[in-house]
Each structure stands twice: as C-alpha cells, then as structure tokens.
Amino acid sequence: MDHGEFTSQIKQNEQTSASASQKFDSYVREGDSRYRVPYDKIKKAVFSDIDRKELIDIPHAARLQYRLMLLDPVIKARVDYTKARITVIYNPETADNYKEKMSLDDLVGILASQGVKVDRSKTENTDYDYRSEFYNYAYNPKRIREHPPYGYTDEEWKEMKQDWEKKAAEHEVAKLEKFHAFQDNYLLEHQDVADKVVEGYKPPKAEKASLAARLLGRKKKQAEKGFWFHGV
Amino acid sequence: MSAEDGRAVQVMAQDKILAPYHRTMEEIEKLPVIEATKTVCPECKLIVDGTIYKDEDNVMIRKYCPEHNWTIEKYWEDYDMYMKMRRFNYFGRGFDNPNYITDTKGANCPFDCGMCERHKSHTGLANVVVTNRCHLSCWYCFFYAKEGEPIYEPSLDEIKHIYHNLRSQKPIPANAIQITGGEPTMHPRIVEVIQEAKEAGFDQIQLNTTGINIGLNPDLAYKVKHAGTSTLYMSFDGVSKRANPKNHWEVPLTLDAVRKSGLTVVLVPTVIRTINDHELGAMINFALNNLDVVRAVNFQPVSLVGRMPTRLREKQRITIPGAIKLIEQQTNGVVAKEDWFSVPYIGGLNRFIEALTGEYKYDLSIHFACGAGTYVFVDSDNRIIPITRFVDVNGLVEHLQRAVNEMEGKSKLARKAIAAKALLSFNKFIDKKNQPKSVNFGKLLMSVLLKHDFASVGKFQMKTLFLGMMHFQDEYTYDIHRVEKCDIHYAMPDGEVLPFCTFNVFPEVYRDKVQKQYSIPASEWQSTHNDWNYGKDKYVRNVKQLESLPAYRKTYGQLVDYFAMPVNGGQGVKSFAVETFKDEAAAKPVAKDEQRSEGDSCGCGCGGEESAGGCGCGGQ
Ligand code: SF4
Ligand code: SF4
C-alpha cells in the first residue's frame with residue numbers, strides 16, 4: 001500500500017482563515033511574545049481492547065504507527081505492541097481551527113483497513129488540550145533522569161552540581177559581555193560601514209573601545225576558530 | 001594507452017563498482033557477516049533486520065522485507081577502514097529532559113522521534129529552519145516552497161522560543177546552531193535572528209546559505225558577522241561551472257565579502273558519483289587557495305532520499321570511504337585514506353577533559369559510520385601534511401580513554417595525578433620529526449587539554465584546513481544503530497527535536513508534516529504580504545556580467561595548484577580551474593541562457609543542454 005492510497009482513505013481539507021470560523025485564534029500570547037500554534041482543543045483516542053495478534057509484532061506495530069502519522073489530521077500516533085494499545089492524538093471534525101480534520105469513525109475505519117479491529121464503544125475518546133499538554137510540554141520538558149559527567153559517580157555529582165551550576169551561569173553572563181564587547185569593537189574597526197550595520201550608528205565619544213573590550217574582542221575572534229566538527 | 005584501452009579500463013572500474021549489486025542472493029548469503037542491525041524497508045517502512053556484510057573490499061547492507069523482497073546497498077566502500085573506525089564507537093548521553101514522552105520508550109524507532117528517551121546523543125549541532133522560501137529552484141530539492149505551497153517562516157518570537165528550548169536541554173544545552181532554510185537570508189529579519197541566537201547563548205552560529213545574497217550585497221556580510229555569525233556553511237559542489245552550477249559565479253563575490261567582514265566559510269560539497277566526484281581534489285585545492293577564510297571542506301556523499309530507479313542509484317551511490325579513496329587518488333596520496341579518523345575520536349579528547357574538570361563537554365558520540373575527518377596543515381614550503389602523519393590519533397585517544405576509566409570514582413587529587421601521568425607520556429604519540437616546521441603540536445595539545453585554551457587551536461587552524469565527511473542516510477542505507485546516536489538535530493516549531501536522518505528521510509511524518517502544520521497557507525501569506533509572489537523571490541543570474549568581474553577572474557584564474565608542486569607529488573589536480581579558464585577564454589563568449597528567466601527549472605545558468613530532469617547539470 002503506498003502513501004497516496006493510504007492517505008486518500010479520508011477526506012482531508014485544510015481551511016484557510018478566510019473560509020473557516022473567525023473565532024479561532026492561531027496565536028498564543030506570553031507577555032509581549034506571540035506564537036502561532038495551529039491547534040487548541042482537540043481529541044485523544046486510546047484503543048486498548050486490541051487483540052495483540054492483530055498488531056503482529058513490534059515492527060508491524062511501528063509501521064502502523066508510521067501509517068497513522070501519514071494522515072494530516074493525526075498529530076501523534078503511538079502503537080504500543082507490548083501493551084496492545086494504540087493512542088492517537090487527532091484533530092476532530094468538531095475542532096475550531098483551520099487544519100485538516102477527521103472523525104473517530106474515520107480512525108476506526110482506517111484501523112480496520114489495517115487489520116486491527118477496535119470496538120468504538122470501548123474507546124476512550126477524550127478532550128486533549130494541544131497547547132498545554134503537547135506544545136507547552138515540548139517547550140518545557142521535565143527532567144526524567146540525570147547523567148553525571150564522565151568519570152564521576154552519582155554521589156560525587158550531587159556534591160559538585162551546585163558549584164557547577166553557579167559556574168555555568170556565570171559563564172553565560174561573561175560570554176554575553178564578551179560578545180557585546182566584540183560588537184562594539186567590530187563597529188570601531190569597520191567605521192566605514194558601521195552605519196549600515198547599525199542604523200544611526202554614532203561612534204562613541206572616546207575614540208577607541210576600552211582596552212578590555214579590545215582584548216576581549218580579539219580573543220573572541222581567535223576562539224571562534226576552534227575545532228570544527230559541527231562547529232564545536 | 002589508446003582511447004579504446006582507456007574506455008575498457010573505465011568500464012572495468014565501473015563494473016567493479018557495480019559488482020556487489022549484481023550477485024545472486026545465494027552468493028551474497030555466503031559472504032562473511034560483520035554485524036546485525038535494524039533498518040527499514042524502503043518501500044513500506046517496515047522495520048526489518050539488516051545484515052552488514054563484507055563483499056571483497058566493500059561493506060554492504062542487505063535487508064529482506066516479506067512484501068518487497070531484498071534490498072542490497074553499499075554501506076561503506078572500504079572494509080579495513082570500517083573495522084578501524086568501528087573501534088571508537090560509543091554511546092553518548094541522550095537528553096535528561098526529552099521533549100516528547102512516548103508510551104513505547106523508543107521501541108518503534110525511528111518512528112518515535114521527538115526526541116524520545118531512548119536516543120543516545122545530545123544535540124551536537126541544532127538546525128533551525130527560518131524559512132522555506134528560496135531564491136533558487138534546484139530540480140532535486142523537495143524543500144523550498146513552490147508556487148501555491150504554504151510558507152513556513154517563523155516569526156522572531158517563535159524563533160526565540162525555539163532557541164530557548166534548545167538552550168534548556170539537559171545535561172548539555174545545544175551550543176552550536178545552524179540557521180538554515182530554504183535560503184535563510186530571505187528571512188526579512190535574518191540579522192536579528194542571528195543576534196538572538198547569540199543572546200540565547202549559542203557559541204557557534206553557522207549560516208547555511210548559497211552565499212549568493214551575501215556576495216551580491218556585501219553589507220549583509222558585515223551585518224551577519226556583527227550579529228554573531230561564526231561561519232557561513234556554504235554549498236560548493238565543485239570548482240567548474242558544470243560541477244557547481246548552483247553558485248559557481250557568485251562564490252568569488254561571496255569570498256570577497258567574507259574576507260572583508262571577518263567571517264569564515266565552510267565549503268559544503270554534496271558528492272555524487274559520476275557527477276562531481278572527479279573534482280574532490282580540485283575542491284581541496286580551491287580551499288587551500290582561500291585558506292585565509294575557508295576553515296573547512298565538509299564533503300557530503302549524496303543521500304539518495306526519495307524513490308529512484310535502481311540503476312541510477314547504483315551509479316550515483318558513493319560512501320565516505322569511496323570519496324576518501326578518490327581524494328587520495330586526486331591528491332597524489334597527500335591526503336590518504338589512513339589520514340582520516342571518525343568523529344567519535346574527538347569525543348575521546350572531550351571525555352578526558354570532562355573527567356579531569358568535572359564540567360560537561362560535548363560528546364560527539366555519533367555512529368562511526370556517519371562522519372569522518374582530518375586536519376591538513378600547509379607548511380612553510382607549501383607541503384601539505386595531514387595531522388595523522390605526525391600524531392598517532394588512534395593511540396592517543398585510546399591512551400586518554402584509559403585515563404578516563406582510571407579516574408572513575410577517584411578523589412580530585414588522584415584524578416589530577418592520573419591526568420598528569422597521562423599527559424607526561426603524551427609525547428610518545430607525537431612524531432616531532434614529521435610535524436610541520438612552524439608548529440609545536442605537543443605544546444598546543446597540552447594547552448587545549450590543560451588550559452582548555454581553544455584560542456591556540458584557532459591560531460593553529462589559521463594554517464590548517466579541516467576536511468570533513470558526513471554521509472546522511474537514506475532509506476536504502478538506513479541503519480537504526482546510526483540514527484539513534486544522531487547528534488545533528490532539527491528543532492521544530494511544535495517544540496520537538498528530531499534527528500537529521502529521520503527529519504529528512506521520513507519527511508512525510510516529520511519535516512513536511514510538522515512544517516505544514518505550522519505554515520501559513522499561500523492565500524493567507526499573500527494577503528499579508530501584498531507585494532509578494534513566488535516568482536519575485538527568484539534570483540535572475542547574469543552570467544556574462546558575473547564572469548567579467550575582477551573577483552571572478554582572480555578567484556578562478558589565479559589559482560595555485562598545490563598538488564602540482566613536487567613536495568606534494570607533482571601531479572596537478574583534475575578540473576583545475578586555470579585550465580578551465582583558458583579554455584573558456586578561447587571558446588564562445590557565454591552560454592545561451594546567460595540570463596535565467598523565472599521559469600527555469602534550476603537556476604544554475606549551465607545552459608541546460610543535457611538530459612532530462614531539468615537542465616541535467618546535476619543541479620547541486
Ligand atoms: S531516532 Fe532517536 S528519537 Fe527517534 S525514535 Fe529513534 S531513538 Fe527515538
Ligand atoms: S545526521 Fe545522519 S549521518 Fe549525521 S550523525 Fe545523524 S544519523 Fe548520522
């Protein structure tokens with residue numbers, strides 16, 4: 001079965017803002033920032049009344065997951081062979097957004113076409129808040145484990161961690177100062193184009209940047225030529 | 001040798017290259033197995049067993065899908081090199097805070113990405129796509145927005161959000177970023193996009209560009225440098241026009257702008273057998289001629305993503321050792337196959353520093369088959385010396401790893417003593433007689449390891465060129481053991497992070513799917529960008545004018561052939577630009593489509609004389 005054959009099983013229409021409900025706001029706002037997030041209240045279907053034999057084995061379960069992911073209205077699909085469970089986060093027909101949609105019946109039909117029979121009445125089909133449960137999680141994932149640096153045990157790391165974190169935070173501040181010093185120095189070194197680089201640029205009163213700024217700027221230039229494997 | 005003999009030799013060589021594809025399964029199954037892995041069926045994406053086996057000098061992968069039969073592909077074109085590189089394979093650390101939690105814990109790899117908790121490497125290089133608009137229309141590219149397609153161009157706020165996500169990774173925040181596209185310089189706020197990356201704390205900022213906008217608008221070079229760009233990661237597929245139709249004409253202008261602004265460049269050739277594989281030596285020579293600004297040449301053997309005819313695939317396939325062996329031939333053995341090491345070797349150095357200081361360092365724990373590299377040094381007499389001719393890199397890394405193992409669980413003092421002992425015996429890995437006259441490598445390495453003084457490496461690198469190889473995967477070569485260790489990641493607008501080789505190999509469920517979700521439909525984009533249409537984005541090249549510029553004539557007309565010098569073997573490189581230049585001077589003035597029109601398929605200016613599929617230039 002090729003992708004086209006599979007995805008054409010359902011009607012997938014994307015609406016534009018012009019044709020869809022005018023209520024939906026594609027943006028979330030945090031302070032002055034605005035992020036386009038295409039979904040809000042959607043659905044999560046969990047199918048757990050599955051006969052594991054229908055999933056065949058892990059590779060076939062993975063391929064079913066892949067096939068479900070091919071569908072535009074499916075945001076995430078997980079086919080867990082071990083627990084004989086399928087979870088699909090999808091954009092339902094009832095959702096107020098401009099993206100492609102599908103119904104639970106569509107989903108049940110697609111699973112049936114893949115040899116997995118599910119009882120619609122036993123399906124948990126719950127509301128899913130894409131913004132808080134998916135998007136916000138991905139942007140603020142929780143820590144699920146901790147690796148100490150190489151050569152150190154977990155106990156040693158516990159003792160060292162606080163110092164390291166403090167040092168790392170200081171390093172971030174120093175790095176930024178160095179960068180700003182580099183920028184000042186760069187404009188001084190390229191006076192001929194400085195006003196093109198920074199609109200309305202006026203050289204500082206003192207003819208030259210401080211010695212520290214010049215030294216930092218120079219050092220930065222050299223350091224930037226470090227090892228190059230992915231630029232590290 | 002007569003022309004006929006020459007052709008016969010060529011045919012034999014070609015047969016040898018293709019032979020591993022044309023054995024019976026009975027013959028193949030008798031060949032020695034090296035190891036087992038997991039892979040996917042290129043047709044239906046079923047996860048199947050992969051067998052990595054030896055076929056004469058080649059390392060091959062075979063896989064069987066009950067529905068789609070056997071697939072045979074070249075994995076690595078040198079058995080000895082494979083076995084040598086394999087010794088340095090190690091598992092790094094994944095994320096302590098993976099962005100997506102799966103029920104399956106990665107059992108369905110490579111379809112559980114996001115990043116999942118099974119993944120074995122942290123982000124070594126983060127790619128952030130800032131637009132899918134592009135000023136070229138290369139025939140082979142599936143990525144840029146074509147007429148009527150949605151536009152993916154995150155706002156500055158959204159990009160800052162992505163940066164913050166990358167910098168929050170634990171235990172090691174992403175520190176190197178590549179701003180990419182489409183053509184990233186088409187983002188209307190590209191300078192701020194770069195500056196914000198610096199403000200977010202990234203140390204290394206690469207701008208992945210054709211270089212064309214920078215070459216034509218040198219002020220942009222100053223702006224992006226001032227904003228914090230470390231280097232341009234610039235497509236460069238050959239020295240000649242035919243091999244590099246994408247930006248051959250603009251490269252001289254770009255290099256000039258880079259030179260003046262203080263930027264640096266990494267040249268990035270995509271290597272395709274039968275298309276530009278004859279110019280690998282010439283590209284290295286070109287880089288040596290521009291060593292003041294070129295830091296590295298990062299060859300990328302082609303990843304044959306998407307379904308393609310078997311014969312074409314077999315003909316065009318080249319792997320890392322295949323390219324390395326051609327470099328050896330084309331540089332008179334100056335850069336030989338023994339001179340390359342795999343990326344995890346560098347991880348060995350970093351682990352030593354980490355164990356000594358207790359501070360996290362980058363892992364570089366990718367699979368050994370993904371990448372290789374070496375440094376070459378230009379000595380005062382123009383002799384080119386790869387680092388491996390005076391440093392026993394294998395021995396050194398093993399030596400440091402032994403010290404790391406010994407340090408585990410020891411007191412701070414004991415660690416220092418172990419480190420001191422390791423460093424004292426350091427010199428035995430350096431052959432002082434053969435090191436370049438103007439460098440004391442032992443001292444340099446000591447200051448890196450003890451003082452973490454990368455500025456000294458910077459000075460060293462002024463006279464060195466890094467040669468890298470990165471072979472991205474495709475459905476035929478796919479190896480799940482590779483992708484689960486991938487450290488080149490894409491940060492997505494939905495907050496997920498994806499390995500490069502799932503993002504691009506399965507775009508239908510990753511790259512295209514998520515970017516489509518977050519794109520702006522064409523009609524909406526057009527209504528908010530009144531003056532804009534797809535055609536207006538396209539670059540129209542004036543070949544005649546570009547070829548008449550002094551920068552063009554100087555860049556290609558005054559190249560020194562390092563390999564023609566007796567100290568470097570005395571055989572000049574093929575497709576050396578001076579010859580091309582002479583030929584061109586004598587030939588007809590300009591190609592018939594010197595002015596490309598908007599409708600052209602490739603934007604290469606090559607003249608489009610050959611074959612089907614666009615202009616036939618190879619289009620890279
Ligand atoms: S490639 Fe990595 S992130 Fe993706 S499924 Fe495999 S282990 Fe997980
Ligand atoms: S991008 Fe592909 S080739 Fe490179 S490290 Fe990742 S898996 Fe390997």
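Guide: Begin with the secondary structure. In this predicted model, B:Thr310 belongs to helix α10 of chain B, which covers residues 310-316.

Visitor: How is B:Thr310 classed by its relative accessible area, and why?

Guide: The class follows from two cut-offs, since buried means under 20% and exposed means over 50%. B:Thr310 has a relative accessible area of 42%, and is therefore partly exposed.

Visitor: How far apart are B:Thr310 and B:Tyr21 in sequence and in space?

Guide: Sequence separation and spatial distance are to be read side by side. B:Thr310 and B:Tyr21 are separated by 289 residues in sequence, while their C-alpha atoms lie 9.8 Å apart.

Visitor: Turning to the interface, how many residues of chain B and of chain A are in contact?

Guide: Counts and area give two views of an interface. On chain B, 112 residues are in contact with 88 residues of chain A. Between them the two chains bury about 9,000 Å², with 55% of that area on carbon and sulfur atoms.

Visitor: Which polar interactions does the rule find across this interface?

Guide: The rule finds 45 residue pairs in polar contact, both residues being at pLDDT 80 or more. It also finds 13 salt bridges between chain B and chain A. One of these joins B:Lys516 to A:Asp72, with 2.9 Å between the closest N and O atoms.

Visitor: Which element gives the largest share of the side of chain B that touches chain A?

Guide: Helix α12 of chain B, residues 344-357, gives the largest share, with seven residues. By residue class, that side of chain B comprises 46 nonpolar, 32 polar and 34 charged residues.

Technical notes:
Residues numbered from 1 in each chain as written. Chains lettered and ligands numbered in written order. Predicted model: local features only at pLDDT ≥ 70, side-chain atom pairs only at ≥ 80, totals over all residues. Heavy atoms only, no water. Helix = DSSP H or I, 4+ residues; strand = E, 2+ residues; numbered from the N terminus. Buried < 20%, exposed > 50% of the residue type's maximum accessible area, 1.4 Å probe, protein only. Contact = heavy atoms within 4.5 Å. Buried area = accessible area lost by both parts, 1.4 Å probe. Salt bridge = Lys/Arg side-chain N within 4 Å of Asp/Glu carboxyl O. Polar contact = N/O pair within 3.5 Å; in protein donor to acceptor, adjacent residues only side chain to side chain. Nonpolar A, V, L, I, M, F, W, Y, C, P; charged D, E, K, R; others polar.
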